[in-house]
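Me: I'm opening this one for the first time, could you walk me through a few parts of it?

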Amino acid sequence: MKRIVLLTVSCCAFGTAYSGGYRVAIQGQKAMGMGHTGVALGESAETVFFNPAGMAFLEDSASFTAGATLINSEIEYYSADTNTGATTDSPLGTPIGLYYSRKHSDQLSYGLGIYTPFGSTVEWPDDWAGSHLINNISLAAIFVQPTVAWQFNDRYSAGLGLVYASGGVEFDRNLNTSLTNENGDRSKVTLDATGVDDVGANLGFMAKVNDKVQIGVNYRTEMSLEAEGQSADFENIPASLSTLFTDTTFSADVPLPAELTLGLSYKYNDKTTVAVDLNFTEWSVYEELLVDFDNAVPDSVNARGYKDTTTFRIGVQHHHSDRWTVRGGFYFDQTPIVSGLYSPDSPRDDTSFLTVGATYNHSSRLAFDVSAFMGLSDEVTNSYDQYAESDGTLSPFGGTYLSSVNGIGFGVSYNY
Amino acid sequence: MTYQKTFKYSAVAVATSMMLVISGCDDSISKPGSDSYSAGDADFSKMVTVGDSLTAGYADSALYLNGQLASYPAILAGQINQVQPITFTQPLVNDNTGGLLANGTSLGLSNRLVLAADAEGTIGPAPIAGEPTTEIGIPAVGPFNNVGVPGAKSFHLVSTAYGDITGVAAGSANPYFVRFASAPTTSVLVDAASQVPSFFTLWIGNNDTLSYATGGGVGVDQTGNLDPTTYGASDITDPNVFASVYNSLVTTMTANGAKGVLINLPDVTSIPFFTTVPYNAIPLDAETAAGVNAGFASYNGGLLQAQAGALITEEEVAARTITFAAGNNAVLIEDEDLTDLSALSLPSYRQATAEDYILLTTSSALGTLADPNNPLSVVGVGFPLNDAQVLTASEVALTTDANEAYNATIAALAEASPNLALYDAAAAQSTLATEGIQYGTGGITATFARGGGFSLDGVHPTERGYAVIANDLIDVIQESFGATIPKVDPGSYRTVYTN
C-alpha cells in the first residue's frame with residue numbers, strides 16, 4: 001500500500017475535475033471516488049450535500065467528515081489560421097467540503113455542511129489573442145448549509161438544508177481588440193466583486209426499496225450572485241477617453257443554476273455497492289453576462305446562451321477489509337456551452353471523467369479518505385461569434401481548445 | 001477469491017488510473033510542430049527587403065520605432081527565423097516620436113499621429129508632442145537587411161544622388177536613405193545587392209502614382225517623358241521608365257541566383273486617404289439650399305449661354321450646373337479639366353460625383369469659411385475645393401492607367417522566372433477595402449481610424465495590417481518555394497494609438 005500512496009502523491013500533486021461551466025463537482029472524497037455519486041447512498045456525512053434525507057439513515061449518532069482537493073487545470077488554445085497559441089497558467093484549485101450530521105432522536109437528525117460547489121480560475125497570458133474576451137477570471141463561492149432530516153419509518157426519509165452562499169469574482173480583460181494608449185499599452189478593465197451573497201435550499205428524499213435497492217432525489221434551488229456597487233478599474237486609458245473611462249462601480253449577475261439529481265444504489269452483496277446518479281442542471285438560466293457600469297461607459301453584454309445539461313454518473317465501492325474500502329467511478333459531463341459561443345473563460349466540451357478512491361479505517365471511529373480523478377477531453381474547434389467591435393461588426397474569435405483537468409483529494413472522517 | 005487477491009486487483013486498478021493521470025498531463029493539441037517547418041527550395045540565409053515606406057514600416061505619418069519593429073519584413077524575418085536561423089537588421093530610428101534632424105535642425109517632418117481630442121473634445125488624428133531625436137548626419141552603420149526608404153519611387157532606387165546629405169534640401173536626396181546609405185554616392189539598389197542576397201522581396205512603385213494622388217492631382221502625368229530627372233515630386237512616372245528601372249532592379253537582385261517575391265501595387269483609391277470623406281459631405285436644410293442656389297443662378301445661366309454659343313456641350317452643362325437641395329449635397333469643386341470659360345467670366349466649377357475622391361486632409365477645410373468676413377464663402381458650398389483638395393475622376397483614371405501598366409510589368413517579370421513569385425497586394429487591398437479581411441481571431445477593414453487595417457495617415461497599414469501582409473507573404477513563399485513557415489496572429493499586433 002505504501003507504494004500506491006507514494007505513486008498517488010508523486011504523480012497527482014497537481015490535478016482537476018471541473019464540471020461544465022463553472023460548477024466544480026467535488027463535494028466529497030468518498031463520493032468522488034465513485035464518480036461523484038451519492039444521492040441514493042446515505043453512508044457518510046457527505047450526504048448533507050448529496051441528499052440531506054440520507055442523514056436520517058446514518059448509523060452513527062454523530063458523523064463528521066472533512067476533505068479538500070487539489071485541482072490542476074490547464075487550457076491550451078491554438079489557432080490553425082495563424083499557427084499561434086496560448087496556454088493558461090492557472091493556480092491549483094482547492095475546493096473543500098466539511099460536513100457534520102447528528103441524530104437528535106430516532107426521527108430527527110440535524111447537521112451542517114460547508115462546501116464550495118462553484119469556482120473557476122483561468123489565467124491567460126497578458127494581451128493574448130483573446131484578451132478582448134478574457135485575460136483572467138477568478139470566481140469562488142462558499143456555501144454554508146444548516147440542515148435537518150426526518151425519518152418517517154425504516155424505509156422513507158426526507159431532508160431540508162437552507163443554503164447561504166457567499167461569493168466573489170475578479171475578472172479582467174482588454175477593453176477591445178485594439179485600443180491602446182499613446183504608448184501602445186492595451187486599455188483594460190478589471191472587475192472585482194466580493195461578498196456577494198444569496199440564499200437557497202437543498203431538498204432531498206430517500207427510500208429503501210428493499211434490502212438491496214435504495215433510491216434518492218435531490219433538488220438544489222437556483223441562486224444568483226448579484227453584484228452591485230462593486231469596483232471597476234480602468235487601466236491604460238488614453239487621455240482623451242479618460243473622462244469616459246473613469247474608475248467606477250458596476251452591477252452584474254452570475255447565476256448558480258438549479259440542479260435536480262435522481263439516484264439509485266444497489267447492494268450487490270455485503271461488501272460491494274453500485275451507485276448511479278443522473279444530474280440535470282438548469283444552465284439555460286445563464287443567457288448572458290451583462291456588466292452595467294455606473295458611469296457613462298456602455299454596458300458590456302457578453303452572450304452565453306448556455307443550455308441545460310445532463311450528467312450521468314456511476315460508481316462502485318468495495319469493502320475489502322475492516323481496514324480498507326476501495327472505490328472506482330466514471331461520469332460523463334455534458335458541456336452547457338453551445339457552438340458559436342465558445343468563450344475562452346470556460347471553453348470545455350463534453351468530458352468523461354475517471355475517478356478512483358480509497359478509505360483507510362484507522363479505527364472504528366477515525367478514517368482517512370483519498371480520491372483522484374482525471375477528465376478525458378478531446379480537443380474542440382469552435383468559436384465565440386458574438387463579440388462586436390465598437391462599430392458593431394462582429395469579430396469571431398475561434399480556434400482549437402484542449403482542456404485538461406485532474407486532481408487528488410484527501411479527507412478525514414470521524415464517527416461516534 | 002481471497003482478500004489478498006482482490007486487494008491486489010484493486011491496487012493495480014488504482015495504480016493504472018494514476019498512470020493515466022500522468023499521461024493526461026502530457027496532452028497537447030495536435031499541430032504542426034517545429035520539425036515540420038522547412039525552408040523548402042528557398043535559402044533565407046541572407047534576406048534583403050527592398051522598397052519604400054511600406055517596407056520600412058512607416059505608419060501614422062511617421063517612421064517610428066514600434067512601426068519598424070512591426071514592419072512586414074521584420075515580422076516575416078521573425079517567422080523565417082523559426083525555420084532557418086537568420087539575422088535581420090533594420091536601420092532603426094531612435095524613438096517613437098518620428099521626424100528627423102539634419103545637423104541638429106528638424107527637417108519639419110510630422111511626428112507620428114495618434115487619436116486625440118481637440119479643444120472641442122472631437123477626437124481625431126493629431127501629431128504626438130515631442131522633438132525628433134534621430135539625426136541623419138550620424139550614419140546608421142549597416143549593411144541593413146531592410147532597405148525600405150520612405151518616399152522612394154522606382155527610379156530613386158538606382159539614383160546615386162539619393163543618399164547624399166547635400167541634396168536633401170533640393171529634394172534630390174532622401175533623408176531616410178541619407179541616414180543609412182553606406183556612402184553618399186551609393187544607391188539603394190547597390191546597398192541591397194552588395195549584400196549578395198539569397199532571398200529578397202521587392203515592393204516599389206507605390207509612390208510613382210501615390211504622390212500624384214495624395215497631392216490631389218496637382219502634379220503632371222509624365223507618361224511619354226523618359227527622363228525622370230525632369231520629374232516633379234508629385235508627378236506620375238512614365239510606365240516605360242518604371243519598366244526599365246524595375247527590370248534592372250530585378251536583374252541585379254537575382255544576379256547571384258536569389259529567389260524572391262515581387263509585390264505589386266494596390267490601386268490608390270482603395271485606401272482610406274481617398275475613401276473616408278464622401279463626395280456628398282455637405283448637409284443643408286431647404287432654406288439654406290435655396291439661398292445657395294440663388295447665388296449660383298447667374299453661373300448656371302451663363303452655362304446655357306455658353307452652350308448656345310457652342311462653347312460647351314449639353315453634357316458639360318449638365319455636369320457643371322449647380323443645385324443644392326435639402327439633405328446631403330455634393331461638394332463644390334474647381335476642376336481645371338473643364339472647358340475654360342473665363343472669357344465669359346465663368347469659373348471652372350462643378351459639383352463632385354461619386355467618381356471624385358475628396359482627400360482625407362481636406363476634411364478639416366470642408367465647411368469652414370474661405371473668407372472669415374463672408375458667410376457665403378463656406379468651403380465646399382459657396383467656395384470650391386481647389387485642385388489639390390480633390391482627386392477628380394479624370395485624375396483617378398491617370399493613376400489607375402499607370403498603376404495597371406506597372407503591375408503588368410511586375411506580373412510579367414514574376415511569371416518569367418521560376419525563382420520569382422508574385423504577391424498580389426492589389427487584390428489583397430481591394431478585398432480589405434470591400435469586405436475586410438478575417439484571420440480567425442478577428443478581422444480588419446479599411447475603415448479609417450476604426451477598421452484596424454490602416455494607420456492614422458490613411459495610407460499606411462497599422463502594425464496589425466503589416467502582420468496580415470506578412471502572413472500573406474508566408475502563404476506566397478510556401479506556395480511558390482515549398483517552404484513551411486509558421487504565421488503570426490495579427491490580433492496580437494497594435495492598431496492605432498489613442499491619446
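What follows is a short chat about some strands, a surface patch and a helix.

Me: Before we start, what kind of model is this?
Reply: This is a predicted model, so please read everything below with that in mind.

Me: OK, chain B then: what is the strand order in the open sheet of five strands?
Reply: The order in chain B is β6-β1-β7-β8-β15, and the pairing is parallel. The edge strands are β6 (146–148) and β15 (420–423) of chain B, each of which pairs on one side only.

Me: And by how many degrees are neighbouring strands of this sheet turned against each other on average?
Reply: On average they are turned by 15 degrees, with direction ignored.

Me: Going back to β6(B), how many bridges join it to β1(B)?
Reply: Three bridges join β6(B) to strand β1 of chain B, which covers residues 47–51, and the two strands run parallel. In this pairing, V50(B) of the one strand stands opposite V147(B) in β6(B).

Me: Still in chain B, which residues of helix α13 are buried?
Reply: In α13 of chain B, which spans residues 425–434, the buried residues are A425(B), A426(B), A428(B), Q429(B) and L432(B).

Me: Why are those on the same side of α13(B)?
Reply: Around the axis they cover an arc of only 160 degrees, and therefore they lie on the same side of α13(B).

Me: Switching to chain A, how do β11(A) and β12(A) pair?
Reply: β11(A) and strand β12 of chain A (residues 272–281) pair in the antiparallel sense over nine bridges, and they form a hairpin with four residues between them. Within this pairing, K267(A) stands opposite T273(A) in β12(A).

Me: Which strand does β8(A) run antiparallel to?
Reply: Strand β8 of chain A (residues 213–220) is joined by eight bridges to β11 of chain A (residues 259–267), and the two run antiparallel. Here N218(A) stands opposite T261(A) in β11(A).

Me: Last one, which residues form the nonpolar patch on the surface?
Reply: The patch is formed by W150(A), F152(A), Y156(A), F205(A), V217(A), L262(A) and F280(A), which together have about 620 Å² of accessible area. One of them, W150(A), sits in strand β5 of chain A (residues 136–151) and is partly exposed, with a relative accessible area of 41%.

Conventions: Residues numbered from 1 in each chain as written. Chains lettered and ligands numbered in written order. Predicted model: local features only at pLDDT ≥ 70, side-chain atom pairs only at ≥ 80, totals over all residues. Heavy atoms only, no water. Buried < 20%, exposed > 50% of the residue type's maximum accessible area, 1.4 Å probe, protein only. Arc of directions from axis to C-beta. Patch = residues over 30% accessible without salt bridge, like charges linked within 9 Å, V, L, I, M, F, W, Y side chains within 5 Å. Areas by Shrake-Rupley, 256 points an atom, 1.4 Å probe, with all protein chains shown as cover. Salt bridge = Lys/Arg side-chain N within 4 Å of Asp/Glu carboxyl O. Pairing = 2+ DSSP bridges. Axes fitted to C-alpha atoms, helices over the stretch in contact; angles between N-to-C directions.
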